[in-house]
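Here are my notes on this one, in the order I'd go through them at the screen. Have a look at the structure first, then read on.

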Amino acid sequence: MTAPSPTEAPAPEPAQVDTAAPRRRTFGLAAATALVMGNIIGGGIFALPAAVAPYGTVSLVAFVVLSVAAVLLALLFGKLARRSPVTGGLYVYPRDAFGPFAGFLSAWSYWTMCWVSIAALAVAVVGYVDVLIPLHGNHALEGLVALAALWLPAAANFAGTRWVGAVQLVSTVLKFVPLLLVATIGLFFVDADNFGPFNASGQSAPGAVAAAAALLLYSFLGVESAAVSAGEVEDPERTVGRASVLGTLASAVVYILGTVAVFGLVPHDRLVNSGAPFADAVNAITGGSWGGTAIALVAVASITGCLNGWILMAAQMPYAAARDGLFPKPFSKVGKGGVPAFGVWAVAVLGSVLIALNYTAGPDTTFRVLVLITTFTGCVPYLLSAAAQLYWLVQGTRERVRPAGLARDLTVAALSFAFSFWLIAGAGYAAVYQGVLFLFAGIPVYVWLRGRQKETTA
């Protein structure tokens, strides 16, 4: 265990000691940064401009605010990873601070967010496949496309973490460069008349910003990727923080510039109903359809690469909890490639069920509902992780903590907690209601697991 930094109090011992053999660390700084960027820049940038267009250009303000929040979260996870540089991140931090129940709730909520998010990403593929191969509004065919988009990267995960890292690096480059070109060149073709009203939501400006931010948070999910995969990262005490901040900053720049370009290239009334907003934006630049076809190819590759990384993340969180007896035992089994195979199967099957259950409402409605559920379930482990950092900092004594460092770390942790709470409120009653149902559904699982542990030790 590494020594705590001068601004941190010593970490409490984990609830259970990990006796598993050390796992080979395969992600360097470049691969870890690519994992963060690849998981952040996926379906969000390609689908969300149309999802937030009904709020008006006030959603650009929400994007800036959310970018600041994402960087704060990246700094928070970097600090936490220095304390606990192991796989499971957002599960480990609350567990070590508050005990097994808090760790379980964080793991269960994050795991739920992952497979719901995977379903939403698969749905986001459909609009861009429709640009390449017209689906003519056939919901059964659209559902099959979404299922294929989910299962292809799921199958690739069984090749191992080294393969996942390589795919993330290549797919991140392939999508980042074209997106950056659109986000820069597109600004020269912006028409101010296309932006539409500043606040088209009919509610107050602060309310519109909060509601838009709740949707836009989906585009920043993944900021914690390096922390969750810390057990696979080389020199995690240093690399996790750097990769988290670098990946988040680069993604935020592309997001903000890209969204401004899309808002200024596609007339507001068309953008609200667009299934492929970036393709429409590129078509406006080129004056034809070939540009939209090219960006649709990039979008499909981007989202597929993002699914590749998210499926790994969705398997690693329950893997870490299962080793402590806080998740069903099959989740702790690792395949030859170093990937928790049962976890991959579980999220792929659950994501498929969610797609099948929700697709009858239509892809646009499905995407919006799934995104808001992920906002709630994603913010719960963010809240608990920020609370864990606050707990450890408050425990520090004056002799062990430099005042300047303490003030900085307290500010980062407190603002991260406040942003997470604000985003949960902005998700709306329906999303919070459904999210709470998903969260509480895990309590019987926890009761059963802890009861079995007591039986074993009795």
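1. Salt bridges, the rule. I count a salt bridge when a side-chain nitrogen of Lys or Arg sits within 4 Å of a carboxyl oxygen of Asp or Glu. By that rule the count comes to four salt bridges. The general idea is that side chains of opposite charge can pair when their charged atoms come close.

2. What you're looking at. This is a predicted model, where local features need pLDDT of at least 70, side-chain atom pairs count only at pLDDT 80 or more, and totals for chains, interfaces and linings use all residues. Residues are numbered from 1 along each chain as its sequence is written, and side-chain values use heavy atoms, with hydrogens and water left out.

3. R95 and its partners. R95 forms a salt bridge with D96, with 2.9 Å between the closest N and O atoms. The side chains of D324 and R95 also meet in a salt bridge, at 2.1 Å from N to O. Helices here are DSSP runs (H or I, at least four residues), numbered from the N terminus. As for cover, R95 and D96 are both buried, and D324 is buried as well. Buried means under 20% relative accessible area, exposed means over 50%, and partly exposed is in between (1.4 Å probe, protein chains only).

4. The R408 end. R408 pairs with D409 in a salt bridge, the closest N and O atoms being 3.1 Å apart. K79, R408 and D409 are linked in a network of salt bridges. D409, by contrast, is buried, with a relative accessible area of 4%.

5. Helix packing. Two packed helices are described by the angle between their axes and the distance between the axes. Helix α3 (residues 58-83) and helix α10 (residues 236-265) have axes that come within 8 Å and cross at roughly 175 degrees. Therefore α3 is roughly antiparallel to α10 (the label covers angles over 145 degrees). The axes are lines fitted to C-alpha atoms, for helices over the stretch in contact, and the angles run from 0 to 180 degrees between N-to-C directions. The residues of the α3 and α10 contact divide into 18 nonpolar, seven polar and three charged.

6. A nonpolar surface patch. F158, W345, V349, V353 and L357 form a nonpolar patch on the surface, with about 480 Å² of accessible area together. Patch residues have over 30% relative accessible area and no salt bridge, and nonpolar side chains (Val, Leu, Ile, Met, Phe, Trp, Tyr) are joined within 5 Å. Areas come from the Shrake-Rupley method with a 1.4 Å probe, and for residues only the protein chains shown count as cover. L357 lies in helix α14 (residues 341-358) and, at 61% relative accessibility, counts as exposed.

7. F46, in helix α2 (residues 43-52), counts as buried at 0% relative accessibility. M113 and F376 are 263 residues apart in sequence but 8.1 Å apart in space, C-alpha to C-alpha.

8. A loop glycine. G196 is found in the loop between α7 (161-185) and α8 (205-220). At 37% relative accessibility, G196 counts as partly exposed. G196 and G264 are 68 residues apart in sequence and 9.0 Å apart, C-alpha to C-alpha.

Key. Helix = DSSP H or I, 4+ residues; strand = E, 2+ residues; numbered from the N terminus. Parallel < 35°, antiparallel > 145°, perpendicular 65-115°, else oblique. Nonpolar A, V, L, I, M, F, W, Y, C, P; charged D, E, K, R; others polar. Patch = residues over 30% accessible without salt bridge, like charges linked within 9 Å, V, L, I, M, F, W, Y side chains within 5 Å.
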